[in-house]
Amino acid sequence: QLQLVESGGGLVQPGGSLRLSCAASGFTLDYYVIGWFRQAPGKEREGVSCISSSGGSTNYADSVKGRFTISRDNAKNTVYLQMNSLKPEDTAVYYCAAENRGLLFRLCVIGAYYYDYWGQGTQVTVSA
């Protein structure tokens with residue numbers, strides 16, 4: 001069964017850092033474009049970042065550029081989202097999502113419509 005599991009969320013003070021992980025089971029991530037999304041209470045789901053299956057292409061929402069970094073370790077079947085300089089407005093449930101585009105696909109899209117498989121999410125709270 002294809003499954004994505006997010007971890008690494010928690011409570012952090014403004015200016016702090018967290019690293020989220022998205023671990024895949026039941027399939028090999030090498031073939032998949034991965035996206036990170038977030039949803040705050042009362043708000044629509046927002047695309048945060050994505051990485052191509054080749055790993056050579058990444059995209060970021062303007063709100064997180066320069067602060068967040070997405071990466072993948074196909075040997076560990078895991079994608080990461082390193083979040084630095086966190087702000088209270090980063091508070092949300094963070095989800096990873098996957099879309100099979102084949103090995104070495106060079107593009108990725110930060111749009112929820114693009115992805116077929118979703119994890120259950122991990123809560124990130126940024127508060128003093």
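**View 1. Phe37, Tyr114, Tyr115 and Trp118 make up one aromatic cluster.** This is a predicted model, where local features need pLDDT of at least 70, side-chain atom pairs count only at pLDDT 80 or more, and totals for chains, interfaces and linings use all residues. Residues are numbered from 1 along each chain as its sequence is written, and side-chain values use heavy atoms, with hydrogens and water left out. Rings of Phe, Tyr and Trp (its six-membered ring) pair up if their centres lie within 6.5 Å; planes under 30 degrees apart are stacked, over 60 edge-to-face, and the rest tilted.

**View 2. Here's Phe37 with Tyr115.** Their ring centres sit 5.5 Å apart with the planes at 75°, so this pair is edge-to-face. Phe37 belongs to strand 4 and Tyr115 to the loop between strand 9 and strand 10 (117-118), so the pair ties together parts 78 residues apart in sequence; strands are DSSP runs of E, at least two residues, numbered from the N terminus. Phe37 is buried at 1% relative accessibility, and Tyr115 is buried too, at 5% (buried is under 20% relative accessible area, exposed over 50%, partly exposed in between; 1.4 Å probe, protein chains only).

**View 3. Now Phe37 with Trp118, a tilted pair.** The rings are 4.9 Å centre to centre, with 50° between the planes. Trp118 lies in strand 10, 81 residues from Phe37, and is partly exposed at 26%.

**View 4. Phe68 and its contacts.** Beyond neighbours within four places in sequence, Phe68 is in contact (heavy atoms within 4.5 Å) with residues including Arg38, Val48, Tyr60, Leu81, Met83 and Tyr94.

Notes. Helices (H or I, at least four residues) and strands (E, at least two) are DSSP runs, numbered from the N terminus.
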